[in-house]
Amino acid sequence: RNRIVGGMAVLRWGLGERGGGGVNDGSAVLPRWHALSSAAVQIGIEIALSDSGSGGDPTGSGFGAGDDIGMIIDGGGDDADGTDGASSALSRRMKKIMTYVGPIVQHTAQRVCHLLVKAHERHSDDIKYKKKLSPLQVDLVEGMKQFISSVQHHVIAAMGKEDLSIIMAPSVGTFDLGSSTISVDIECMVAKSELSGASIASACRTALEGRDIALIETLARSMEGV
């Protein structure tokens with residue numbers, strides 16, 4: 001909250017990327033790296049949305065002064081019921097969030113899968129690990145699932161109707177912010193973003209670089225369902 005470190009820095013620290021690129025054997029991965037990173041990203045989203053007038057970009061969100069969308073006044077355009085204004089506000093808010101979150105979740109997939117590839121290479125001839133996953137492999141796989149799921153929750157919460165009620169209430173007239181339309185719009189935006197399960201799965205498969213590693217393919221498939 002004091003802007004000393006950002007979400008990406010906490011994530012890289014948690015996944016062992018400390019001091020010149022990180023240790024690739026997984027020994028530097030912190031316990032509960034996903035929980036620490038999730039908390040940092042949640043705070044980062046709040047800062048990215050509220051930051052304005054500082055002349056800088058302390059969150060790494062890609063937006064500096066003049067891009068704040070804390071208040072969006074939209075008369076509803078050509079649509080008398082204000083639905084165009086609601087859609088525009090949602091889109092602008094999502095763009096700002098994803099500029100911050102997108103690189104973090106993509107890096108998560110790349111780093112986790114890179115560590116899983118290295119773990120596979122180390123244990124490829126070990127009969128024990130052909131039958132049972134190592135603690136590191138379990139931590140990386142389950143941690144990534146929890147991290148992506150929690151970040152999706154943070155994004156949807158930040159896009160939620162309580163904030164939008166404050167942003168757009170003076171201008172949308174009779175448009176019902178409590179309707180299912182808003183929720184559907186938000187879910188569709190997430191599904192089309194870098195935070196979508198399909199996008200994360202693609203990043204996992206890219207990390208394979210042609211290798212046949214069942215664990216990473218299984219992880220990619222599980223991400224497609226997130």
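User: Is Leu195 buried or exposed?
Analyst: This is a predicted model, where local features need pLDDT of at least 70, side-chain atom pairs count only at pLDDT 80 or more, and totals for chains, interfaces and linings use all residues. Residues are numbered from 1 along each chain as its sequence is written, and side-chain values use heavy atoms, without hydrogens and water. Buried means under 20% relative accessible area, exposed over 50%, partly exposed in between (1.4 Å probe, protein chains only). The relative accessible area of Leu195 is 0%, so Leu195 is buried.

User: Where is Leu195 found?
Analyst: Helices are DSSP runs (H or I, at least four residues), numbered from the N terminus. Leu195 is in the loop between helix 7 and helix 8.

User: Which residues does Leu195 touch, not counting residues up to four places away in sequence?
Analyst: Contact means heavy atoms within 4.5 Å. By that test, Leu195 touches Met98, Val105, Ile148, Val151, Gln152, Val155, Val190 and Ile200.

User: Which residues does Val101 touch, not counting residues up to four places away in sequence?
Analyst: Val101 is among the residues with the most contacts inside the largest core. Its partners are Val41, Ile45, Val151 and Val155.

Note on methods: A nonpolar core is a set of buried Ala, Val, Leu, Ile, Met, Phe, Trp, Tyr and Cys residues joined through side-chain atoms within 4.5 Å. Helices (H or I, at least four residues) and strands (E, at least two) are DSSP runs, numbered from the N terminus.
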